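Morning, everyone. I'd like to talk about salt bridges today. Here is the model.

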Amino acid sequence: QPFWISIALCTLSVLLSLSSAGESKARSCSEVRQAYNVQGFSLVNVPHQEISGEHLRVCPQGYTCCTSEMEDKLNQQSKLEFENLVEENSHNMRTTFVSRHKKFDEFFLELLDNSEKSLNSMFTRTYGKLYMQNSEVFQDLFTELKRYYTGGNVNLEEMLNDFWSRLLERMFQLLNSQYHFTDDYLECVSKYTDQLKPFGDVPRKLKAQVTRAFIAARTFVQGLMVGREVANRVAKVNVVPACVRALTKMLYCPYCRGMPGLKPCHNYCHNVMRGCLANQADLDAEWNLFIDAMLLVAARLEGPFNIEAVIEPVDIKISEAIMTMQDNSMQVSAKVFQGCGQPKPSGIGRSARGISDVFSTRFRPYTPEERPTTAAGTSLDRLRVVWRTMQHSVIDIKEKLKESKRFWSNLPDDICAKGKLAESDEEQCWNSHTKGRYFPEVVKEGLTNQVNNPEVDVDITRPDTLIRQQIMALRVMTNKLKNAYNGNDIYFQDSSKFFSLSGVWMCRWRRDKNHSADKMEDSLVLTMNTKFFASTTFLLLSCFLFCL
């Protein structure tokens, strides 16, 4: 009898042990259900206890709290969270380009408008009817300056030469009103602009200042716009299926293993992010060169060729040129008559005083005390205050630009270093299978380095097309910025037209008629321009490298 009692007790012990083991395998999923519900998912068909996990395609196939439907939803959630992480971590940098572009664009257009109003007000009060009868010459000057700044196909040197030629024709007629001049004769007069230098050295100095200042200003604002567009487009990541699987395994497979609060190990996070952001990291080299070029042009905006130093006193400079022409009128007229022939008298008599005398008495520049405010009531003193504010903005954006260097290659590190995503305790973190230390080494950033990434299966033979397009956009803009720093302008097609694809890569910006910053966009187009073939050949070679 004691023997049978012993057998019964032993059997009961084994059964209790098996029952206990079964219970340990089939743990409660209450924490997982709660965390899953917080994510906004329905708890219908979510198991209360662990079930067999043979149906799982991403997470480990042991006992699990996840059904196939749950794993699919967590896949979608992983993709969405990753997109949001990239958006959030790039927000400040992208906002910098958006806000600074808008501010600079508005300032330069305001400066041009107020300079034109100042000249119109000053010349109307100083020169009266003579100016008003010829005001379109000056209006056209500012119209072309605005058109150039806003992306139009304007050759600044030719435009300024044309302005001085037209001004010479008008003044020559006023100073010699007793003669009749045909169009052919006036065309002959304009040919003497360079030879006679009727306006002294003002045209040469103003052309040098205006071209360098406007090239720097337009290119800098275009650079801010390109930086904005590139950053916005690259921040909208293309999440490939291999990346989604890796993200799900890192972020939500702990749910399926009954550990919803367990964060991924720090190095594990790095490998996943570097795999998913491999193409973005390849943007970094060209992005850094672009930032360096932007900083060079920013230095130009602070120097002697800054646009405010040129535009603010333009009315005084033109007035000085007019005074010089007036002082030399007799010598200029004599040489023109000698070269172009003696003109025919107009047949209209002159008063004893003469138009030339009236012209002489009225053409005098204002003193600083007399200088009027603009028609809009905005004094040039206020513009100087605005410019000082903008100079502080230049300093500010230079600092922001410096901070954005290596942004794309550092992005995986920034995401994983936020604390909310990765666990700092290397022993108490999710290592892709369970809780414990993560042993694989962290791969380097960039597409080619992902060949040995243990977490993300990256096809290094297929670079992301959008990223390659942005690399080329940055390369074109960097080339233009370097040229602008040296005072050279690269030809840009007029933004109102579309052009065919046939030659070297060029970047083209389009504005709507209101010059809205939000409606501007850049697009890469191919266009043949032999004038700049030598300076852009390397861009074509780069294109071939990326397209192979």
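**Salt bridges across the chain**

Start with Glu-50, which forms a salt bridge with Arg-27, the closest N and O atoms being 3.2 Å apart. By salt bridge I mean a side-chain nitrogen of Lys or Arg within 4 Å of a carboxyl oxygen of Asp or Glu. Glu-50 sits in the loop between helix H2 (30-38) and helix H3 (68-89), and Arg-27 in the loop between helix H1 (2-25) and H2, so the pair ties together parts that are 23 residues apart in sequence. Helices here are DSSP runs of H or I, at least four residues, numbered from the N terminus.

A word on the source: this is a predicted model, where local features need pLDDT of at least 70, side-chain atom pairs count only at pLDDT 80 or more, and totals for chains, interfaces and linings use all residues. Residues are numbered from 1 along each chain as its sequence is written, and side-chain values use heavy atoms, with hydrogens and water left out.

Is Glu-50 buried or exposed? Buried, at a relative accessible area of 8%. Arg-27 is partly exposed, at 43%. The cut-offs: buried is under 20% relative accessible area, exposed is over 50%, partly exposed is in between (1.4 Å probe, protein chains only).

Next pair. Asp-413 and Arg-274 meet in a salt bridge, 3.2 Å from N to O. This one links distant parts of the chain: Asp-413 is in helix H21 (residues 407-416), Arg-274 in helix H13 (residues 266-276), 139 residues apart. Asp-413 is partly exposed at 21%; Arg-274 is buried at 12%. Shared partners join Arg-274, Asp-284, Arg-406, Asp-413 and Glu-445 into one salt-bridge network.

And the total? The structure holds 23 salt bridges.

Notes:
Helices (H or I, at least four residues) and strands (E, at least two) are DSSP runs, numbered from the N terminus.
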